[in-house]
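My notes follow in the order I checked things.

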Amino acid sequence: MTKKERFEFCIDWFKKNMPNAETELHYTNPYELLVAVILSAQCTDKRVNMTTPAIFAKYPTVDLLARAKEEDVYDLIKSISFANNKTRHLIGMAKMLVEKYNGVVPDNTEDLVLLPGVGRKTANVITSVVYGQASMAVDTHVFRVSARIGLTTKAKNVLQTEQQLVALIPENLIAIAHHWLILHGRYVCVARRPKCEICGLKPACKFYQTDMKYIIEPELNAPAPKKSVPKKITARKA
């Protein structure tokens, strides 16, 4: 299978099986999503979603967060990984939004990455999810899944992964493809032991064909173990 054919197979499968893939972070506006994505770095979306309601209740606008005290924000996010750094990032991000962008979340990667706590991945999430742009955000899931399937070749970093993916994914599908790959990596192609037995991408997956096939197929074809029938116990006569 050529790389082009592999992309076509995966895209077709995802379109049929994940037609409405979207972020699992909870938000109602660009400001809330930006806060959530900053908090999600090296942290689960589940934990972030448990934390953000209290933040948004106390700081419903970027102006209020810009005037927040570090100790108050820290108390709200202390269950999140790297809470000290993220506290400073959130307040710094809010201050810059107010001072430089009139409180409006920018719609381009160049301006977004200037904000404290915002790297290229976070910027691409905002531009794709909020503004519907053809941006491919690459996190650990996307990086791992793309390499395993064979959508990327010898990509040494997230930027190379991003460049290889957008080169062969139709522009109108790039934004949703980000969610396809993340969700597939989160629930099927997991890091330690991918769940190849339930994966519909096996025919196109390089990792399955070269490594996992010889582990999974014997397991799938093995005869079911016979059920043991308990022996009937007859009571002895006295």
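Is Arg-193 buried, partly exposed or exposed? I find Arg-193 partly exposed, with a relative accessible area of 36%. I keep in mind that this is a predicted model.

**Entry 1, salt bridges.** I searched the whole structure and got six salt bridges. In one of them, Arg-193 meets Glu-197, with N and O 3.6 Å apart. Glu-197 counts as partly exposed, at 36% relative accessibility.

I then looked at Asp-12 and Lys-16, whose closest N and O atoms are 3.2 Å apart in a salt bridge. Both lie in helix H1 (residues 3-17), four residues apart, about one turn of the helix. Asp-12 is partly exposed at 38%, and Lys-16 is exposed at 63%.

Next I checked Arg-186 and Asp-45, which form a salt bridge at 3.1 Å, N to O. This pair links distant parts of the chain, 141 residues apart: Arg-186 is in helix H11 (residues 174-187) and Asp-45 in helix H3. Asp-45 is buried at 13% relative accessibility, below the 20% cut-off. Arg-186 comes out as partly exposed at 23%. I also traced a network in which salt bridges with shared partners join Glu-24, Asp-45 and Arg-186.

I looked up how H3 (residues 45-58) packs on H5 (residues 70-77): the angle is about 150° and the axes are 8 Å apart. That angle is over 145, so H3 is roughly antiparallel to H5. H3 makes the contact through Thr-51, Ala-54, Ile-55 and Lys-58, and H5 through Asp-72, Leu-76 and Ile-77. Sorted by class, I have four nonpolar, one polar and two charged residues in this contact.

How many of the 10 residues of H2 (residues 30-39) are buried? I get nine, so this helix is largely enclosed by the rest of the structure. Glu-32 is among the buried residues, along with Tyr-31 and Leu-33. The cover over the buried residues includes H3, H4, H5, H6 and H8. At the start of H2, I found a side-chain oxygen of Asn-29 within 3.2 Å of the backbone nitrogen of Tyr-31.

Most residues other than glycine have a negative phi. I noted Asn-102, not a glycine, with a positive phi of about 55°. Asn-102 sits in the loop between H6 and H7 and is exposed at 71%. I noted Lys-154 too, with a positive phi of about 55°. Lys-154 lies in the loop between H9 and H10 and is exposed at 76%.

Terms used:
Residues numbered from 1 in each chain as written. Predicted model: local features only at pLDDT ≥ 70, side-chain atom pairs only at ≥ 80, totals over all residues. Heavy atoms only, no water. Axes fitted to C-alpha atoms, helices over the stretch in contact; angles between N-to-C directions. Helix = DSSP H or I, 4+ residues; strand = E, 2+ residues; numbered from the N terminus. Parallel < 35°, antiparallel > 145°, perpendicular 65-115°, else oblique. Contact = heavy atoms within 4.5 Å. Nonpolar A, V, L, I, M, F, W, Y, C, P; charged D, E, K, R; others polar. Buried < 20%, exposed > 50% of the residue type's maximum accessible area, 1.4 Å probe, protein only. Polar contact = N/O pair within 3.5 Å; in protein donor to acceptor, adjacent residues only side chain to side chain. Salt bridge = Lys/Arg side-chain N within 4 Å of Asp/Glu carboxyl O.
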